[in-house]
Amino acid sequence: MNVKHQFPLLQKYGDTLAYMDNAATTQKPQVVIDAMVNYYENTNANIHRSPHRLGADATAAYEGARETVRSFIHAKKVEEIVFTKGATEAVNLVVQSYVAQHIRAGDNVVISIMEHHANFVPWQILCEERNASLRIIPINEAGELDVSTLDDLLDERTKILAISHISNTLGTINPIKKIIKTAHKKNIPVLIDGAQSIAHRVVNVQDLDCDFFVFSGHKIFAPTGIGVLYAKENYLKNMRPYQYGGDMILSVTVNKTTFNRIPYRFEAGTPPIAEAIGLAKALDFVHSLGRENIKAYTSELLHYATEKLTQIEGLRIIGQAQDKTSILSFTLADIHPHDIATLLDQQGIAIRAGHHCTQPLMEHYGIAGTARASFTIYNTKAEIDKLAAALKEVIKMFA
Ligand code: PMP
């Protein structure tokens, strides 16, 4: 897509940088940076309680951002949108404020082997603390979930099913609508980790019928420090607060505190106001490009890159699901992924190497890590050619 010129960092480095670490974080377009600068230069004030013009403007901008998020993910009500620090905090919020409140010894939580640590460790610790069991949906060799195991894994003692929409390591797009339906037949709520899907697919939480959906702003061209928890109103209303302090209360006396209504009850303290405004601008930016266009463009990049890299001898792609997004994890002969990444960096190609916060998945494949190139709207086929050529050089160096 012809958007590179809208990203100042990419403009600055020009042809000397092929940034392919988008699954970790994306670059920020000028419009997002400008929106945040504009807020600080013209509107900066604390929100909700400031009895002056700037306070009212800042509040309107922050609450406007909440409405933009609602519309972007097609939530029914703006009250169902809670701003968090990111996907990680949003998962932890659901763990502490919802599941921890009613999980008992002998109960279970179901996740999958491909989960990011953000959607793995909080559940594992909770289960350990409560003598509950953590049940894991397995995958096949291609990196696709074995959904036939759900019948056995989900039962009347399952407190939640928490699953990623798209794997950050394999690129696998999970059949979440079908999975949600299966869980709901047994009255089990479902949390979707949308960290990787938010920028690449249309997300309609009402159509999916998920109970919780989490994502981080920084993976969709927005700033760091802002993320979202979507939760159905019925759940949110009955969840206890996550943190206590200012703004989440209705009244406080020496003897008693009553809590504010949702979603404010879950946003204790001064929130990341400029970041929320930046997020809204990023969502507008993505909306204007069109997610169907983004999907088509990045799918073509994935297809092209897969063909190019498959031709390299000794290169093994980890994650070959039928339904995949533009994430390409690979190993190269027995060269350490960190060596690959370092050598590529010397040629101006930024990729990621390691376990990608999915150590259980690495254990499953019996490898320490992979090299991972992840593509988005500003990547090009020419950059992929450069990547393929650079990888061939790496092999020569190690030969
Ligand atoms: N889930 C997935 C699938 C991710 O890719 C990531 C980030 N790599 C996270 C959760 C956590 O996101 P954050 O670090 O922004 O909270």
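This report describes the domains, the contact between them, and selected local features of a predicted model.

## Basis of the model

Residues are numbered from 1 along each chain as its sequence is written, and side-chain values use heavy atoms, with hydrogens and water left out. Because the model is predicted, local features need pLDDT of at least 70 and side-chain atom pairs count only at pLDDT 80 or more, while totals for chains, interfaces and linings use all residues.

## Two domains

The chain is divided into domain 1 (4–20 + 291–398) and domain 2 (32–287), with bounds that come from an automatic or database domain assignment. Taken over C-alpha atoms, the centres of the two domains are separated by 28 Å. Domain 1 gives 36 residues to the contact and domain 2 gives 33 residues, where contact means heavy atoms within 4.5 Å.

## The interface

Between domain 1 and domain 2 about 2,800 Å² is buried, and carbon and sulfur atoms give 59% of this area. Buried area is the accessible area (1.4 Å probe) that two parts lose on being put together, summed over both. Of the area that domain 1 buries against domain 2, 26% is supplied by Arg291, Thr325 and Leu361, more than by any other three residues.

The rule finds 14 residue pairs in polar contact across this interface, both residues being at pLDDT 80 or more. A polar contact is a pair of N or O atoms within 3.5 Å; within protein, one must be able to donate a hydrogen and the other to accept it, and residues adjacent in sequence count only if both atoms are side-chain atoms. On the side of domain 1 that touches domain 2, two or more residues come from each of α11 (291–310), β11 (315–318), β12 (327–332) and α13 (359–365). These helices and strands are DSSP runs (helices H or I, at least four residues; strands E, at least two), numbered from the N terminus.

## Salt bridges

The structure holds 20 salt bridges, each a side-chain nitrogen of Lys or Arg within 4 Å of a carboxyl oxygen of Asp or Glu. The count between domain 1 and domain 2 is 1. Glu141 and Arg316 form a salt bridge through their side chains (3.7 Å, N to O).

Another salt bridge joins Arg66 and Glu63, whose closest N and O atoms are 2.8 Å apart. Both residues lie in helix α3 (residues 53–73), 3 residues apart, about one turn of the helix.

## Backbone features in loops

Most residues other than glycine have a negative phi, and most peptide bonds are trans. His74, although not a glycine, has a positive phi of about 60°; His74 is found in the loop between α3 and β2 (81–84). Ile262 and Pro263 are joined by a cis peptide bond, with omega about 0°. Pro263 lies in the loop between β10 (257–259) and α10 (273–289).
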